[in-house]
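Hi there,

Here is the structure I promised to pass on. Have a look at it first, and then read my notes below.

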Amino acid sequence: MDLDDAPKVMGDDGQFHATDEAVDLSHTTFEGWAALALFWALGGVVFYQFFTRYALNNSASWTEEIARYLLIGTVFVGAAIGVAKNNHIQVDLLYRWLPAKAARVLSVGVDLVRAAFFIAMVVLTVQLMLKMESYQMTIIDLPMNIVYGVCLFGLAMAALRSLWVMKVHWQRGYSVLERPETTMEDR
């Protein structure tokens, strides 16, 4: 293709003209907003740590611990987003060669195991929180159950989303494993 035949990037006035699509945040889930808040809090803490260490030459000791906990929270809450979008890592190569009925049975099994895993993790996290209710954070005098509570929230949302994904797969009669070109929005 000749460069002269390509679409113009600049207008005749010599200025770059681009129009973006409107940003639609209406499909952002509750856990998506929570993960975003945790991420920005993490960014703020890391910036504060950087500023106090290199600009003031007196590092704030609490920032490393809080940054670690915010990163943990971001991961656990973000995992629920991956479940809601049904885009966690998966191997769909096997489904290409399986008969349709066997692929369906295996796909339902994957949905059941995923939901059971997240439900079990919710139960285990609650048990952990009950056993560690007297533990405090290392530097800041706050209970460790705050961190485990955020993890519990992420796991509970992942469990609820996995049940929802399983319901959607059951209603439409196939999953993304059987038809990799589909998304959760397809009905």
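Let's start with the largest cavity, which has a volume of about 40 Å³. A quick word on terms: on a 1 Å grid over the protein atoms alone, a cavity is a set of points where a 1.4 Å probe fits but cannot get out, while a pocket is an open set with protein on both sides within 12 Å along at least five of seven lines; lining residues have an atom within 4 Å of a point. Grid points are joined across faces, edges and corners, and a volume is the space filled by probe spheres set on the points. With a threshold of 30 Å³ or more, the count comes to one cavity.

Before going on, keep in mind that this is a predicted model: local features need pLDDT of at least 70, side-chain atom pairs count only at pLDDT 80 or more, and totals for chains, interfaces and linings use all residues. Residues are numbered from 1 along each chain as its sequence is written, and side-chain values use heavy atoms, with hydrogens and water left out.

So what lines the largest cavity? You'll find N86, Q90, V110, D111, R114, H169, S175, V176 and L177 there. By class that makes three nonpolar, four polar and two charged residues (Ala, Val, Leu, Ile, Met, Phe, Trp, Tyr, Cys and Pro count as nonpolar, Asp, Glu, Lys and Arg as charged, and the others, Gly among them, as polar). Helix α4 gives the largest share of this lining, three residues. Helices here are DSSP runs of H or I with at least four residues, numbered from the N terminus.

Now the pockets. The second largest pocket has a volume of about 190 Å³, and its lining includes V83, N86, Q90, V110, R114 and L177. Its lining residues split into seven nonpolar, three polar and one charged. Again α4, residues 100-131, supplies the largest share, three residues.

The largest pocket holds about 390 Å³ of space. It is lined by 13 residues, and H27, T29, A84, K85 and E185 lie nearest its centre. Four of the lining residues are nonpolar, five polar and four charged. Both α2 (62-85) and α5 (145-172) supply at least two residues each, with α2 giving the largest share, three.

How do α2 and α5 pack? Their axes are 7 Å apart, at an angle of about 5 degrees (axes are lines fitted to C-alpha atoms, for helices over the stretch in contact, and angles run from 0 to 180 degrees between N-to-C directions). The two helices are therefore roughly parallel to each other, a label for angles under 35 degrees.

Finally, the helix ends. Just after α2, N86 takes a positive phi of about 55 degrees. After α5 comes G173, whose phi is also positive, near 85 degrees.

Happy exploring!

How values were computed. Angles under 35 degrees count as roughly parallel, over 145 as roughly antiparallel, 65 to 115 as roughly perpendicular and the rest as oblique.
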